Amino acid sequence: MTKNSIKSNLGINTLAVHGGEKPDPETGASSPNIVMSSTYVVDQPTSFSVTNMDEDTPYVYTRWANPTIRQLEKKLCLLENAEACLACASGMSASSGVLFSLLNSGDHLIISESNYPGTAEITRQLLPKNSITVTPVDTSNPENVKNAVRENTRMIWIETPSNPLVKLTDIRAVSGIAQEANALLVVDSTFASPVVTRPLDLGADIVVHSLTKYIGGHGDAIGGAVLASRQIVSRIAGEGMLHYGGTISPFNAWLIMRGAATLPLRMRAHQENAMQVAKFLELHPNVDLVRYPGLESHPQYELAKSQMNGFSGMIAFRMASPESVAKRMMSDLEIVHYAVSLGHHRSLIFLLESDDLISSSYRLDGELERTYREIAGKGVFRLSVGLEDARDIVRDLAQVL
Ligand SMILES: Cc1ncc(COP(=O)(O)O)c(C=O)c1O
């Protein structure tokens with residue numbers, strides 16, 4: 001758990017390169033070392049309880065704190081303009097750390113009706129076992145959030161842009177509702193990255209990332225992060241995460257830190273490519289619907305322009321017979337990988353079938369099911385546009401659509 005002590009007004013490119021890092025004081029090594037040691041030789045009596053641990057506690061055991069992980073946390077604090085960060089073993093460990101540390105039996109959570117299926121499953125299946133009630137609403141309309149608030153609402157969880165429909169939620173508007181309700185606003189900002197949106201600056205209390213995606217950026221390390229005030233991050237670290245054991249491997253932290261150095265450059269390139277690919281898809285006769293926040297046809301294009309700095313690289317699109325197209329993709333795509341995950345330098349595409357998601361992860365019915373199907377039809381292709389040449393991505397997609 002790391003506090004960002006450096007108050008910096010450096011540009012985002014400089015922060016991405018230098019944030020959290022400094023030359024090794026003993027050897028002068030310019031690149032960060034990896035400290036893989038699980039334990040540390042101590043020279044003074046040290047408490048064995050995480051309850052007494054803080055930023056100034058010497059390193060004792062890597063599940064509690066590690067110099068390489070700390071460097072990553074400092075870099076993320078600077079990129080997200082956060083006071084504190086806790087790096088975690090995965091995006092899911094970051095999300096479960098927030099949910100299980102900050103919600104108690106009897107509390108109420110409002111969450112987007114569709115988001116990363118893993119998050120939907122924790123909140124639909126595991127939280128109710130702890131007597132926490134959960135109301136899924138379409139958060140793209142803040143009125144729905146307002147109407148769902150109850151006396152015991154303690155948290156509002158949004159994902160913007162959302163997985164897989166690329167819906168946006170107005171962070172400023174929902175933060176006002178959360179404040180009035182005395183509830184915490186959590187934003188899973190994985191699809192945006194801190195280059196595109198800084199939710200804490202817009203009024204959110206907590207930001208969650210899957211570092212596996214844009215921030216790591218190369219598809220070779222799983223990780224996650226929670227960013228918030230020092231007080232909130234200490235609660236998650238002390239009461240939850242360290243005991244659940246969700247510490248990131250120092251090697252993964254090092255890989256993700258290396259990836260993060262080029263995040264601003266990569267986000268610009270992802271966006272440039274995504275814009276070209278989205279325009280191609282929009283004109284394709286076999287494609288029924290394209291959702292990309294940078295297209296004027298996106299119903300929340302105006303919100304995208306005001307809330308996002310660029311539009312990121314995630315596209316959702318719909319076709320009449322998605323299963324047969326998916327089969328062609330699996331056998332015939334040459335550049336784009338038919339695979340889950342997103343935000344990597346390689347383009348990735350995957351079909352998320354509506355029947356499966358609606359019944360297993362989202363458990364939607366009535367109006368929420370109707371509006372989900374209105375956008376997704378039988379299923380949406382989630383396309384994470386990579387850093388290849390845009391014309392090669394387009395050519396590859398063209399031969400399977
Ligand atoms: C928006 C979002 N949040 C969280 C996660 C979970 O991250 P991880 O796979 O690193 O646990 C994902 C994974 O796809 C995601 O897309």
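Biologist: Which residues are closest to the ligand, and how many surround it?
Modeller: In this predicted model, 13 residues surround the ligand, and the closest are Met92, Asp188, Ser210, Thr212 and Lys213, where a residue counts if one of its heavy atoms lies within 4 Å of the ligand. Local features need pLDDT of at least 70, side-chain atom pairs count only at pLDDT 80 or more, and totals for chains, interfaces and linings use all residues. Side-chain values use heavy atoms, with hydrogens and water left out, and residues are numbered from 1 along each chain as its sequence is written.

Biologist: And what is 2.7 Å from a nitrogen atom of the ligand?
Modeller: That is an N or O atom in the side chain of Asp188, a polar contact in the sense of a pair of N or O atoms within 3.5 Å.

Biologist: Which backbone lies 2.8 Å from a ligand oxygen?
Modeller: A polar backbone atom of Met92 lies at 2.8 Å from an oxygen atom of the ligand, while for a polar backbone atom of Gly91 the distance to a ligand oxygen is 2.9 Å.

Biologist: Changing topic, how is the chain divided?
Modeller: Into domain 1 (12–260) and domain 2 (263–398), with bounds from an automatic or database domain assignment; their centres, taken over C-alpha atoms, are 25 Å apart.

Technical notes:
Polar contact = N/O pair within 3.5 Å; in protein donor to acceptor, adjacent residues only side chain to side chain.
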